[in-house]
Amino acid sequence: QVQLVESGGGLVQTGDSRRLSCAASGGTFSGTSTAWFRQVPAKEREFVASINWSGNGRNYADSVKGRFTISRDNAKNMGYLQMNGLKPEDTAVYYCAVSARYSWNDYWSRAPKNYPYWGQGTQVTVSS
């Protein structure tokens with residue numbers, strides 16, 4: 001059973017940068033895929049980015065491509081989401097998620113149902 005704890009959220013201004021962190025414990029992290037999702041009230045959880053176990057496979061939602069970068073440090077059991085050029089529409093609760101499988105592909109990685117392990121979320125608010 002993997003436990004995930006996100007950190008790094010907060011109130012920022014348009015154009016600012018922020019790095020979210022995801023600390024994993026209690027299970028296998030290095031051999032699985034990691035992803036970030038976000039959610040605003042009354043909307044479904046939205047895919048942001050994912051990364052495969054080795055870090056050489058990554059994908060992004062079109063809305064964040066070129067601004068956000070996902071990474072991981074398997075030695076530290078950590079995942080990261082570097083967010084640059086933040087916009088008010090990036091305001092959301094951001095969740096870290098970890099899969100239970102080794103394989104990864106672009107289509108599969110975008111579905112929340114494929115991630116059994118989730119953190120509690122961290123709020124990011126971007127003021128205009």
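Strands here, like helices, are DSSP runs numbered from the N terminus, with at least two residues (E) for a strand and at least four (H or I) for a helix.

Before I go on, this is a predicted model, so local features need pLDDT of at least 70 and side-chain atom pairs count only at pLDDT 80 or more, while totals for chains, interfaces and linings use all residues. Residues are numbered from 1 along each chain as its sequence is written, and side-chain values use heavy atoms, with hydrogens and water left out.

Back to that pair. β3 (residues 18-25) and β8 (residues 78-83) run antiparallel and are joined by 6 bridges. Two strands count as paired if DSSP finds at least two bridges between them. They belong to an open sheet of 4 strands, ordered β1-β3-β8-β7, with antiparallel pairing. At the edges sit β1 (3-7) and β7 (68-73), each pairing on one side only. On average, neighbouring strands in this sheet are turned by 15° against each other, direction ignored; the axes are lines fitted to C-alpha atoms, and angles run from 0 to 180 degrees between N-to-C directions.

Now, β9. Is this strand enclosed or exposed? Of the 7 residues in β9 (residues 92-98), 6 are buried, so the strand is largely enclosed by the rest of the structure. Buried means under 20% relative accessible area, exposed means over 50%, and partly exposed is in between (1.4 Å probe, protein chains only).

Who does β9 pair with? β4 (residues 34-39) pairs with β9 in the antiparallel sense over 6 bridges, and there Gln39 has Val93 as its bridge partner. β11 (residues 122-127) is antiparallel to β9 too, with 3 bridges, and Ala92 stands opposite Val124. Then there's β10 (residues 117-118), antiparallel to β9 with 2 bridges; Val98 stands opposite Tyr117 there.

Last stop, Asp16, in the loop between β2 (10-13) and β3. Asp16 counts as partly exposed because its relative accessibility is 30%. Asp16 and Asn84 are 68 residues apart in sequence, but their C-alpha atoms are 6.3 Å apart in space. Setting aside neighbours within four places in sequence, Asp16 is in contact (heavy atoms within 4.5 Å) with Met83, Asn84, Gly85 and Leu86.
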